[in-house]
Amino acid sequence: MQFQRNPDLELNRLSADALNPERASVDMMKARERTFIQGVYGWMFGGLLITALGAAWVMMSPAMQGYVRSYLFILIIAELGLVVALSFGINRFSPLAATTMFMTYSFLNGLTISGIIMVYTPASVLGAFIVAAGMFAAMSVYGLVTRRDLTSWGSFFFMGLIGLLLVMVVNGFFLRSSGLSFTISIVGVFIFVGLTAYDTQKLKAYAQVGGGRETNYAIFGALALYLDFINLFLMLLRLFGRRD
């Protein structure tokens with residue numbers, strides 16, 4: 001059975017919208033927001049796919065493994081440079097340049113994290129990915145539907161992230177404590193789960209940016225969520241992964 005639309009009802013609805021411009025404006029904003037957010041997740045998943053392809057290339061090629069080991073420091077510096085450039089100069093780049101930078105970063109990140117992934121069994125990597133995807137999805141939904149302002153979350157978790165990075169550096173170069181490393185991973189999961197909800201809620205504000213900058217802000221939002229997911233995945237892998 002097919003349900004036919006009633007033209008009289010449709011005409012009444014359009015007439016009501018015409019008489020109520022505020023309602024029409026709200027509907028347009030919601031539609032724009034929905035389209036923008038879909039685009040952000042599309043870019044994010046595209047970045048993750050490129051990262052996976054880059055990591056797979058290294059894992060299957062001994063020559064690439066040697067290349068990454070030889071130029072690891074340069075690759076990491078290049079990644080940091082791209083993230084800083086996109087974060088602080090997103091309005092200065094053309095949409096094509098912003099897209100190229102994000103995709104390049106995603107590929108370089110795949111090269112650099114391949115060495116971490118190779119340490120663990122395939123089952124551990126898959127398990128960490130599935131759990132990270134589930135946690136990420138749950139917090140993304142929360143960030144989209146909650147009416148609570150998560151601005152305070154951003155400040156709290158960002159400061160926690162700075163502290164976490166400092167502790168990781170100290171532990172990696174000086175203490176080398178397995179117990180502290182375990183604690184770092186637990187705290188890291190907590191931080192990136194919170195940042196996922198915060199960054200997702202910010203997409204609603206980005207959706208209202210005009211002036212031809214929609215693509216740039218979609219890339220910026222995708223980068224934030226990409227980083228949340230990748231770091232959540234790596235923290236879970238450190239916690240529960242089994243080494244070969």
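Tyr67 is partly exposed, as its relative accessible area is 40%. On this scale, buried means under 20%, exposed over 50% and partly exposed in between, with a 1.4 Å probe and protein chains only. Tyr71 falls in the partly exposed class too, at 41%. The structure is a predicted model, in which local features need pLDDT of at least 70 and side-chain atom pairs count only at pLDDT 80 or more, while totals for chains, interfaces and linings use all residues. Residues are numbered from 1 along each chain as its sequence is written, and side-chain values use heavy atoms, with hydrogens and water left out.

A pair of aromatic rings is described by the distance of the centres and the angle of the planes. Rings of Phe, Tyr and Trp (its six-membered ring) pair if their centres lie within 6.5 Å; planes under 30 degrees apart are stacked, those over 60 are edge-to-face, and the rest are tilted. The count under this rule is 14 aromatic pairs. One of them joins Tyr67 and Tyr71, whose ring centres are 4.9 Å apart with planes at 40°, so this pair is tilted. Phe156 and Phe157 make an edge-to-face pair, with 5.2 Å from centre to centre and 75° between the planes. Phe156 is exposed at 54% relative accessible area, whereas Phe157 is buried at 6%. Both belong to a cluster linked by ring pairs, together with Tyr142, Trp153 and Phe190.

Tyr67 and Tyr71 also take part in a nonpolar surface patch, along with Leu72, Phe73, Ile74, Ile76, Ile77 and Leu80; together these residues have about 800 Å² of accessible area. Such a patch is made of residues with over 30% relative accessible area and no salt bridge, and its nonpolar side chains (Val, Leu, Ile, Met, Phe, Trp, Tyr) are joined within 5 Å. A salt bridge is a side-chain nitrogen of Lys or Arg within 4 Å of a carboxyl oxygen of Asp or Glu. Helix α4, residues 72-88, gives the most to the patch, with six residues. Tyr71 sits in the loop between α3 (62-70) and α4.

The second largest pocket has a volume of about 360 Å³. Its lining has 19 residues, and those closest to the centre are Ala52, Ala55, Ile117, Val125 and Phe233. Helices α2 (21-60), α5 (95-118), α6 (122-145) and α9 (214-240) each supply at least two residues of this lining. The largest share, six residues, comes from α2. A pocket is an open set of points on a 1 Å grid, with protein on both sides within 12 Å along at least five of seven lines, and lining residues have an atom within 4 Å of a point.

Definitions and conventions:
Patches are made of residues with over 30% relative accessible area and no salt bridge: like charges are joined within 9 Å, nonpolar side chains (Val, Leu, Ile, Met, Phe, Trp, Tyr) within 5 Å. Accessible areas come from the Shrake-Rupley method with a 1.4 Å probe; for residues, only the protein chains shown count as cover. Helices (H or I, at least four residues) and strands (E, at least two) are DSSP runs, numbered from the N terminus. On a 1 Å grid over the protein atoms alone, a cavity is a set of points where a 1.4 Å probe fits but cannot get out, and a pocket is an open set with protein on both sides within 12 Å along at least five of seven lines; lining residues have an atom within 4 Å of a point. Grid points are joined across faces, edges and corners, and a volume is the space filled by probe spheres set on the points.
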